[in-house]
Amino acid sequence: MTALASAPHTHSLFTVSRTMVAVMVCLSPATAQGLYQFGWPAVILFALTLAAAWLFEIFCLLLAGRPVAPFAGDGSALLTGWLVAMTLPPWAPWWIGVLGAGIAIVIGKHVFGGLGQNLFNPAMVARAMLLVALPVPMTQWVAPSDPAHAPGLRAALDITFGAGAPVDAVSSASVLGHLKSQFDAGLPMERILAGTASLQDQLFGITAGSLGETSAFLLLAGGLCLMLLRIISVVTPLFLLGTLFGLAALARLLAPESFPPPLLHLTSGATMLCAFFIATDYVTAPVTAAGRALYGAGIGALIFVIRSWGAFPEGAAFAVLLMNACTPLIDTYIRPRIFGRTRTGKPLPLRDRT
Amino acid sequence: MGALLSALLSSIRGGVHPETRKFLSAESPIEPMPIPALLRLPLQQHIGAPAEPLVARDDHVLKGQLIARARGPISANLHAPTSGRVIAVGPFPAPHPSGLPVPTITLRPDGADRWAPRLPRLRPEDAEPEEIAARVAEAGIVGMGGATFPAAVKLTLRDRYRLHTLIINAAECEPYLTCDDRLLRERAEEVADGAGIMARALGVTKIIVAIESNKPAAAAAMRRHNLGLGHPVQVRVVATQYPMGSEKHLVRAVTGRETPARALTAELGIVVHNSATAQAVHLAVRYGEPLLSRVVTVSGRGVARPANVQALLGTPVADLLAHCGGLTEDPDRLLLGGPMMGQPIRSPRVPVVKGTNGVLALTRAETRKAETMPCIRCGACVRACPCGLTPFELNARIQAGDLEGAAAVGLLDCVSCGCCSYICPSNIPLVQGFSFAKGKLAETESRKHQQEETRRLAAARTAREEAIAEAKRAAMARHKAQMAEKKRRAAEEAAQAAEEAPAEPQEAAK
Amino acid sequence: MITAAASMSALGLGLGLLLGAAARKFHVKTPPVVDEMERILPGTNCGQCGYPGCRGAAEAIAEGGAPVTLCPPGGRDVALKLAEIVGVDCSGGPEISGMTDIEPQVAFIFEDHCTGCTKCFKRCPTDAIVGAAKQIHTVIWDACTGCDACVQVCPTEAIVLRSKPRTLQSWYWDKPDQPLAALRTGAA
């Protein structure tokens, strides 16, 4: 026996890498659906982003002089890369994926001190920076194609590494983008809604959008799995979706001519991805249940506000980043009640003293 | 069904559910153990002041003879577990992770196991509460769940608090341990009687035995023996959840009431005693037998034959392991107590003491030791903490050296149950950090106290020296005055003599 | 132009007067630094610092002639507190960080060498040594500050300073290692 260690002398099976793997597994159905419907260019972009994230991680670890093996093997960099890829337009050129992974890992994570130290969600930092810096390639959506007309591997390589996507393929717009541009153009809401994809298509992801955000149903299923595995708590998604739905329903009730129906908010854009896989990120969210409720509700409200009145049709990334900034504050003020003490930290009053 | 429902209701906030692995030893009846070749009896097997040895080297002692007496109000007597010869009274490594030497009486049993005169029997039905408490103190009984607080002190709480309930803690929430389970199954009557005696000493009539829902046989046995000294003994099944056996959490689960921070459960009118303590009280009061042995669970995958052994106090851990077939492999950790709060030991030569409820040899597969990773703020520790603390935050403050800051956010309310370290996905040794910080804070406090003491001593010395100097000066002055007086008188005398002197020659001349 | 200059001057004058009045009114009397430092020092007047007693040491620090690390029995804690008062940067100062957190020292008498000369217990500032002439002396560890005074006067060199023996009550777990985040492969 070497040096003695203090109690406890046993441990749960819960570890960082197991958590990361579980999240990736739960994310894979939605990813697979996205890869299938957007074809080879999406597959190449996805693989490239993951590989880039992993290599950037190793590079940063070497640069910081940290042990590489335990950190590169824990899966956190792969998950970050995965989430970045999920938010990219599926036929984006290769350098967007690499740049996104680089921003996420280097600026989003390692500049703050590596695993566990970052204030902002790395994937959302990457998405927000790309969206602001490169608005055109970041909003070039493709219509979901039936496999018969999908580009082959050679054509896909050409799309990702070469000349880019053919113009006619990228003419499509995401549901929210379509909504925003049409509404800004002065069209009545009902006419616009008639032109968007059906609710069923949105649920199963047969619509234009980022690589991994289209299938609300599969993302919901993956999120529920994570809850069953007790990896994420029900609080954040519940409050996020609840607030978004509530506000949207209220707005629709008050002014049906200016606001889309609330269900559209839940099924479109990255709402589901955000609720189950982004807002539940441990590092950047508050730790107590009450704190998480506030955090989730804040994100939900911000998404609604940005979508309704902001410059971008899609607000999840900005909403998450804004609430990330509030996390330290929430953690300072919302803490559990200590056993035997009142909320203010004083011992409970004595009652039976004789 | 009712039991299940009550167990569901009687749960505590937070907590964890480690694999209990009680099946390893749960079906082995309590077995006696042959008297070992040597017994090592540390003078401090309890919280409080160490006992004062009454024997010297080469003394022959009889079984049950008092060999060390309690020193001060919070201390405990120690008796010879068997007859034999004292071969040493001196330092020996403590059954403690530090392995520091502590004063220990080493006894070489003679094998005759001859009893000294036992303590006179008491009839608890007629005995005064004070008599019972005195007898428990005489028998050297301490809290046998591991806390080792002298039991008699807890039996005199009626002087200061209005008590109404005695809870017998048989939750046994630590994984592996089955000694209380077996005790209840095999000696429920004795436990019930001991509980009744303690209830009389405390002046209460309500007795509740709290048992975790994973020990139905123990609960059934207890229900069969549901009278303790005429008082009904109520069995309460609580949820199988760690740390249910923590005193204040058990009271919360059983009665729904929360003990205020820094206060005793007696504030709520409730006293909690361990079931093994109750049985020891029964033996001491009914039969005049002091605390000489206890049931120890020897378990873990590293032990060839896990068992529950009635071991004499002072039995070396090595002998106990050998009795259970020895080790199957070099264990990753050798522990006294359970895996969640037990103490690792450096050497199996250390003895079993009054608070040792388990001896565990855990293999690597059981400890699941892994490399420590940085905190990812997952909040698992916050959810698991039964005390409502934020362990990850405490740890961050301690690592940054801000111990006062950690104390400000609740460090001193931590009960070191280990839930946070157990659940932490990054394997951060949170509890060790808290133990360090608590020890360091206590040390700083005592150093501050010592500095004040030093200042007082130094001031006293200065004052004394000044007083001495003053006295010396005064003495000197007096002396001088005296000398001056003497001189003056001598001069006077001389003058007188001189005056008279001329007469003398005249006289002589006559 | 003139009005502007006049108004600005008037404003400046008024505010300056206000500030001056406020400084008078809310003047906080700072406690004499020497007294405060004397309170922090052990107060045993052991003389290891080379100044006449703790009061002398406090005065020397206040005048800037002595470093805050002058008190060996006080150790790192006292140095840090003194540094706080005199405003020395104590975060990375080489002197203080060089003062490792030494364990408290106590005197230990080798009984074989002790002649019972009573010099040490006459010198002990806290009366921590007990004994009588021609008798072996012994140290009460709870009262000993490890000030070294007795070591210097012992004619037979029978006294040494040792770190205070740890007991089960005073023992605690070491601070656990930092997680991997802080490790550097180069340094490790």
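Let me start with Glu125(B), which in this predicted model is partly exposed, with a relative accessible area of 33%. Its side chain meets that of Arg123(B) in a salt bridge, with 4.0 Å from N to O, and both residues belong to a network of salt bridges that also links Asp126(B), Asp193(B) and Arg286(B). As a general point, side chains of opposite charge can pair when their charged atoms come close.

In one of them, Arg185(B) and Glu27(B) meet through their side chains at 3.3 Å, N to O. This pair links distant parts of the chain, since Arg185(B) sits in helix H4, residues 179–202, while Glu27(B) sits in the loop between helix H1 (2–9) and strand S1 (30–32), 158 residues apart. As for accessibility, Arg185(B) counts as partly exposed at 23%, whereas Glu27(B), at 59%, counts as exposed.

The other pair is Glu485(B) with Arg488(B), whose side chains form a salt bridge at 3.0 Å, N to O. Here both partners lie in helix H14 of chain B, residues 430–500, and they are 3 residues apart, about one turn of the helix. Glu485(B) is partly exposed, with a relative accessible area of 30%, and Arg488(B) is partly exposed as well, at 43%.

Let me now turn to the interface of chain C and chain B. The contact draws 38 residues from chain C and 34 residues from chain B, and the area buried between the two chains is about 3,000 Å², with carbon and sulfur atoms giving 56% of that. On the chain C side, the residues that lose the most area to chain B are Leu168(C), Tyr172(C) and Trp173(C), which together make up 24% of what that side buries.

What about polar pairing across this interface? Between chain C and chain B there are 11 residue pairs in polar contact, both residues being at pLDDT 80 or more, and the rule finds 2 salt bridges. Arg461(B) forms a salt bridge with Asp127(C), with the closest N and O atoms 3.0 Å apart. Helix H2 (33–40) and helix H6 (119–123) of chain C are the elements that give two or more residues to the side of chain C touching chain B.

Finally, chain A carries a nonpolar surface patch, formed by Trp40(A), Trp94(A), Trp95(A), Leu99(A), Leu153(A), Leu157(A) and Phe161(A), with about 670 Å² of accessible area together. Helix H5 (94–109) and helix H7 (153–161) of chain A each give two or more residues to this patch. Leu99(A), which lies in helix H5, is partly exposed, with a relative accessible area of 40%.

Methods
Residues are numbered from 1 along each chain as its sequence is written. Chains are lettered from A and ligands numbered from 1 in the order in which they are written. This is a predicted model: local features need pLDDT of at least 70, side-chain atom pairs count only at pLDDT 80 or more; totals for chains, interfaces and linings use all residues. Side-chain values use heavy atoms; hydrogens and water are left out. Patches are made of residues with over 30% relative accessible area and no salt bridge: like charges are joined within 9 Å, nonpolar side chains (Val, Leu, Ile, Met, Phe, Trp, Tyr) within 5 Å. Accessible areas come from the Shrake-Rupley method with a 1.4 Å probe; for residues, only the protein chains shown count as cover. Helices (H or I, at least four residues) and strands (E, at least two) are DSSP runs, numbered from the N terminus. Buried means under 20% relative accessible area, exposed over 50%, partly exposed in between (1.4 Å probe, protein chains only). Contact means heavy atoms within 4.5 Å. Buried area is the accessible area (1.4 Å probe) that two parts lose on being put together, summed over both. A polar contact is a pair of N or O atoms within 3.5 Å; within protein, one must be able to donate a hydrogen and the other to accept it, and residues adjacent in sequence count only if both atoms are side-chain atoms.
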